[in-house]
Every structure is written in C-alpha cells, then in structure tokens.
Amino acid sequence: MADILQNVKPTRMELLRLKKRMKLAEKGHKLLKEKRDALVSEFMIVIKKYKDAKTDVEKKLKGAYYNLSLSEVLIGTRELDQISRIAVRDINFDVKTKNIMGVYVPIMKTDSVVRKMSERGYGFLSTNGKIDDTAKDFEETLVSIVKLAEVEESVRGIASEVEKTKRRVNALEYIVVPRLQATIKHIEMRMEEIERESFLRLKKIKASLQAKKQQ
Amino acid sequence: MEIALIGDIHTVHGFRLAGVRKAFLTDEIKGKAAREKIKGLFNDGIGILMVTERGYQELKDELEEANKFKKGIMPIILEIPDVKGPLSDKIDPMRELIKRTVGFEIA
C-alpha cells in the first residue's frame, strides 16, 4: 500500500480536489507514455542510420589511410607535411536544427567539402597522383564524418529525452497515482467513519430525549 | 561552422590535405595548458571536433569537462579511428547509451 499524502484534511472539498488531481495525473501519464513510445520508435530509426554512418566512416577512413601511407612512402613525410599545409582552407558548412518530438537535432549541409583537383592549391610538379587520391579520399571521408556527427548528436539528444520521459512515466505510474489513490481511499473511509459517528450520536441524543420525556 | 581535428601526425596530414585548417597534434595540445587550449577551441565557433581514439584517451578529462560546459549542441566531439585502426578493447559509449535507453542490445 502506498503512502498517503501528508497534511490532507478529510473534507469533501479536499476529496474533490484530489479526484481532480488524480484525473490529471492519469491523463498526463497516458500522454507521456505515448510520447515515450514515439520517441523510442524514432530512436530505432536513428540508431539504424547511426550504424550505417559509422561503418561508412570506418570503411572510408581505412581506404584513405591506405592511400596516405602510400603517399608518405612515395613523397616523404616532410614533403607531405608541406603540401598538406598548402592545401588547407576554410570549411564552412551550414548547420540548421530540426525538432523531433521536442528534441533539437542538427542538420548539416556539406556541399563545399569535396574540391576539384585544381582547387586544392598545391602545385602538380612536386606532387603526384597518389596525393590527389589521398586528398580526395579524405575529403569524401569528411563528408561522411559530418553526416556521422549529425546522426550521433541526434542519437544522444533523443536518448536523453527518452530517459527523461521514461523517468516521468514511471514516477507517475508507481508513485504519484498510487499515492493519490491511497489518499482518496483514506479520505473516503474517514468520511464514512464521521458519518457513522454522527448517526450514532443522533440516535443517542434521540434516546436520551425520549427518556427525559417519559419521566 | 568549421571542423577541427586533434590527432597524430598521419591524421593531421590526411585531413590537412582535405582542407581542415584547425588540425592539431595531440602532443601539441596535451600538457599543462591543455585545458585552456581546448576551451579556446570550443569558443572558436567549431561545429565538429574530430579526435582520434588514442588522442581522446589522453585528453579525456579536459575534453569531457569542456563538453559539459559548452553552450548549445556545438561543437560535437567525434572519435575517429587512426591509422592503426579502431581500438579493439574500447567500450563504445554509444553502444552503452543505446543499451541503457532501449533496455537491450541491438546488434
């Protein structure tokens, strides 16, 4: 049996108030449960996307690292260092946010990441084709990485929201509602008791009045 | 939004070739001033911070602290495998998260 609420007077007013609260709690519980189910189904979709994005990144990175090692062997680490310093530029990508069931998830646009060979900025005389391949691989990896970051953040956001909602649903189901029920029952019993008491009192008074009359 | 990288020399070379300007070596960042450096990165308008798995383990405390105090959802810290491939004995935090949220493991 759940505890009853403290500081509740056994009055009809209080009973009505509690019944109203009970109705509200049950309504909230139902709504939150629906929210939780919707979030979990959304979560499943995002997890699937996350798995795909993760394997994609790992596969692309592996290929890129392979080409990188070849470039290092062909051209030398120091040369590669210089070339890589020339190739840097500002990467600007737009981030928008989307709202899934009250969770803000990022949406990123990656149009400008993959460049043409001539846009990379290093000269062709001192470099070779392997460098181009490597740069292209890493650019493509970068696109996948941005995608992965987007999905990973959605997974995190939705997961924390699912947990929050779950906690609320459980709190309502196992604490708030039983407690209200117990209190309502307590008040009803108390009021019946009072009724019986006053009924008995009336009878007694009636009896004593009758006894007085007969004297 | 920009992309930044903390990693070993090979990762730095590779992603510089792809155009990532803010590519730093783990050795450059770690040490006494690691906290300030990472904080500086976080306040620099970076959208994604890639960290190699090995680098993440070295800078774990600083990164997690900075991550806790960031404003909004940016930057997103993303662990990537380095040249030697993914760490095999690592517990995937995402896997744990999924397990905790859904209640069972999804293959």
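At what angle do helix α3 (residues 129-214) of chain A and α6(B) pack, and how far apart are their axes?

## The helix pair between the chains

In this predicted model, α3(A) and α6(B) pack at an angle of about 30°, and their axes lie 10 Å apart. Since angles under 35 degrees count as roughly parallel, the two helices α3(A) and α6(B) are therefore roughly parallel to each other. The crossing in which α3(A) passes α6(B) is left-handed.

On the α3(A) side, the residues that take part are Glu152(A), Val155(A), Arg156(A), Ala159(A), Val162(A) and Glu163(A), and they meet Met94(B), Leu97(B) and Thr101(B) in α6(B). By class, the residues of this contact comprise five nonpolar, one polar and three charged.

## The contact as a whole

The contact between the chains draws 40 residues from chain A and 29 residues from chain B. On the side of chain B that touches chain A, two or more residues each come from β1 (2-7), α1 (9-17), β3 (46-52), β4 (76-80) and α6 (93-102) of chain B. The largest share, six residues, is that of α1(B). This side of chain B has 20 nonpolar, six polar and three charged residues.

## The form of chain A

Chain A has three helices and two strands, which follow the pattern α-α-β-β-α along the sequence. The radius of gyration of chain A is 36 Å, well over the 17 Å that the globule rule gives for 215 residues, so chain A is more spread out than a compact globule. Taken along the principal axes, the C-alpha atoms of chain A fill a box of roughly 135 × 25 × 25 Å. Of the 215 residues of chain A, 26% count as buried.

Note on methods: Residues are numbered from 1 along each chain as its sequence is written. Chains are lettered from A and ligands numbered from 1 in the order in which they are written. This is a predicted model: local features need pLDDT of at least 70, side-chain atom pairs count only at pLDDT 80 or more; totals for chains, interfaces and linings use all residues. Two residues are in contact if their C-beta atoms, placed from the backbone, lie within 7 Å. Helices (H or I, at least four residues) and strands (E, at least two) are DSSP runs, numbered from the N terminus. Ala, Val, Leu, Ile, Met, Phe, Trp, Tyr, Cys and Pro count as nonpolar, Asp, Glu, Lys and Arg as charged, and the others, Gly among them, as polar. Axes are lines fitted to C-alpha atoms, for helices over the stretch in contact, and angles run from 0 to 180 degrees between N-to-C directions. Angles under 35 degrees count as roughly parallel, over 145 as roughly antiparallel, 65 to 115 as roughly perpendicular and the rest as oblique. A crossing is left-handed if the near helix is turned anticlockwise from the far one by less than a right angle, and right-handed if clockwise. The radius of gyration is taken over C-alpha atoms; the globule rule is 2.2 Å times the number of residues to the power 0.38. A residue is buried if 20 or more other C-beta atoms lie within 10 Å of its own, exposed if 12 or fewer, and partly exposed in between; C-beta atoms are placed from the backbone.
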